[in-house]
Amino acid sequence: MGYVAIKGGGQAIEGTKEVYDFLRTRQSDNTQPLDSHTIENQLRLLHSRVISEGGVYHPQLASLAIKQAQGDTLEAAFALRAYRSTQPRLVETPVLDTKNMRVTRRISSAFKDIPGGQMLGATTDYQLRLMRMELLNESQERFHSVTKKLLDDTNIDGIPDTFPKVLDSLRQEGLLPEIKNNSEKQIPFDITREPMVFPVPRSATLATMARAEQGSLLAIAYSNMRGYGDVHPTVAELRVGFLPVFLPHPITGELTEVGEVEMTECEVVAMYEGNEADDKSTFTLGYGACFGHNEVKAISMAILDRALQKGMKEEPGNPSEDPEFVLLHVDGIDSMGFCTHYKMPHYVTFQSDMDRLRATQQKQSNKESI
Amino acid sequence: MGASNHFGFLDEYAKKEIRRTALKAVAIPGYQVPYSSREMPMGRGFGTGGLQLTLSLLGKGETLKVIDQGSDDSVNAVNLRSFIEMTCSGVNTTISTTEADVIQSRHRIPEKDLREDQLLVLQVPYPDPLIVVEASENKRKTLHGEADYSRLLVKLYEDIVKFDEITISHRYPTRINDHYVIDPSPIPRWDVPKLDQSPALVLLGAGREKKIYAVPPYTKAEPLAFEDVPFRVEDFTDKDGQRRRCQRCDCTTSFLDEFIDSKSGEKIYQCSDTDWCNEQSTNSSVMSDKEITADNIEIVEMANG
């Protein structure tokens, strides 16, 4: 008797691991376990989401994280983050220009005709969300014929690798602020190595949002879109593709391509604001970028970047313009951890709560009896 | 690619940063020092701040005790202890308060007085006592710098006006070294006086909120109160004015957990600190049939395996 509730913890924990894995493997005798390539390809957008929230570009481990988390995006991103904690930071890349991205999709909602044209690529935007019953029992042959047919029908040589940036043409017309050429090297704030003490530089806000939980980011951005804010963005360009990563060669020091990362980038243009000094008014910008193919996340981030820049310039007028409110509440690992922690024993604090309530009740009934 | 083979899980840069942060925290008693705080393989909110401190400070040959709700065998304590055993080879674990060099705890300070050569690490969910009156961290920083706790005192005053009582049950705001007021973590008010002039260093780690702060040894720790409304710890007297006793060890001086006996339906009380309870039981020979040491040993062995 006594203490039953919190005795035998070790055995109980072991049991949970076994039954958790049982549910993953119970399907049937001839089932193939999921392999990491299958997850990366057939669950492409889930994979993108996890790699972006995990904040470390490791496609194979992201697949493993999804597999062991049984598809829970928060848990999978969490496992990637914890893995990241064990890794030292060896080197910093120079700033990479997304002009060089090997583009798989790029669109602009600002102009009908953009240099290079609108390239829709792979998107569900204009698909009808009807159940595709034929996929319920998909044959091997049918599955493989899709790729073959697309590749056979396409003139691969005719596809350009990359496209000019829409913002460049807007800038040439003087509609956007000039890029300030700071002579001193701007070192981006590394949120994984330095604590954020508010106010924080814009690079810290962008880094925080780049690995934020997609739903959290969307919810706060949506509040701004609906009326708790007034960014009213126009998507100047949304591009998805593979960005070459360069590092200095260890011997020659020459910048050398070491690989590429899949990224989504969104640049929104918003209405102009009053300007200090005598500068001409220009449109204002918001920027979003993250690992993987996550368009909703990149657009949400770009809107929030704009809202936060406004909030930092003036006083925040609503939650989406308040850097503390946005940046301290969008991390999925933080928020899910704190949410689940309420399941842990709180016997002592609850005992303490009861003590206060009883003391208060006692005083109240003493008063009534007088 | 399981857990890292690296001693203490974290990379060396992270441990160095945490040690530097802890030193700064000791140098400025009660000041919340920001640090970058790594993601650990357990949930934010499960003691990752305390864990990062413990992993950065433990050395080979040292002995660690981990408790949660006063118990070594609470699921979270078991989980943290087995993770530390897995990643810190050469570190011993114990359930004895006396034997421990480092004690990591959630929600309790051991009943037994700690010594100068011991270190207490407390897990912290909310590092800032001002959060109840000011949501913005930036503004709270200024209030702390100016030692402006007037709004917190007004909150206590309003409690008295509304309820005739200060309603803060745990996480009781405590002024350290006559300046910074800290949130002493969700320990009951019962444990707050143990911070005052404690011979042992107390380090508090908030992983999710990315702060470390300290109550250095022999430092003044004073819970906020008024001259005419003194600070009071939890009251364990029964209707007849008798101090309730632990039904296991008969102790009348410890913090008690209350629960309902599943058979008799009666309300019973038992020490929250299991090591303390065992020691009292051993001292009074009659209690040997209720000994729970065996269970604890079994669990520790399992964690080792």
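Predicted model: local features only at pLDDT ≥ 70, side-chain atom pairs only at ≥ 80, totals over all residues.
Ala214(B) belongs, together with Leu304(A), Val202(B) and Leu203(B), to the residues with the most contacts inside the largest nonpolar core, which has 121 residues. The element that gives the most to this core is helix H10 of chain A (residues 295–313), with 8 residues. In soluble globular proteins, nonpolar side chains tend to be buried together.

## Where the two chains meet

Contacts between the chains involve 57 residues of chain B and 43 residues of chain A. On the side of chain B that touches chain A, two or more residues come from each of helix H1 (12–27), helix H3 (75–87), helix H4 (137–145), strand S11 (256–260) and helix H7 (293–304), elements that are part of chain B. By residue class, this side of chain B divides into 18 nonpolar, 19 polar and 20 charged residues.

Chain A has 370 residues, of which 34% count as buried, and its secondary structure comes to 13 helices and 4 strands. Along the principal axes, the C-alpha atoms of chain A fill a box of roughly 85 × 70 × 55 Å. When contacts in chain A between residues at least 6 apart in sequence are considered, 64% of them join residues at least 24 apart.

The domain assignment divides chain A into domain 1 (11–85) and domain 2 (98–127 + 161–337), and the C-alpha centres of these two domains of chain A lie 28 Å apart. In chain A, 14 residues of domain 1 are in contact with 13 residues of domain 2. At least two residues of the side of domain 1 that touches domain 2 are supplied by each of helix H3 (44–54) and helix H5 (73–85) of chain A, and the largest share, 8 residues, comes from H3(A). This side of domain 1 of chain A divides into 6 nonpolar, 4 polar and 4 charged residues.

## A sheet in chain B

In chain B, 3 strands form an open sheet in the order S7-S6-S10, with antiparallel pairing. Strand S7 (181–182) and strand S10 (221–223) of chain B each have a single partner strand and stand at the edges, so one side of each is left without a neighbour in the sheet. Strand S6 of chain B (residues 174–176) is joined to S7(B) by 2 bridges, and the two run antiparallel; Thr174(B) has Ile182(B) as its bridge partner in S7(B).

Terms used:
Residues numbered from 1 in each chain as written. Chains lettered and ligands numbered in written order. Contact = placed C-beta atoms within 7 Å. Nonpolar A, V, L, I, M, F, W, Y, C, P; charged D, E, K, R; others polar. Pairing = 2+ DSSP bridges. Core = buried A, V, L, I, M, F, W, Y, C linked by C-beta atoms within 7 Å. Buried ≥ 20, exposed ≤ 12 C-beta atoms within 10 Å, placed from the backbone. Domains from an automatic or database assignment.
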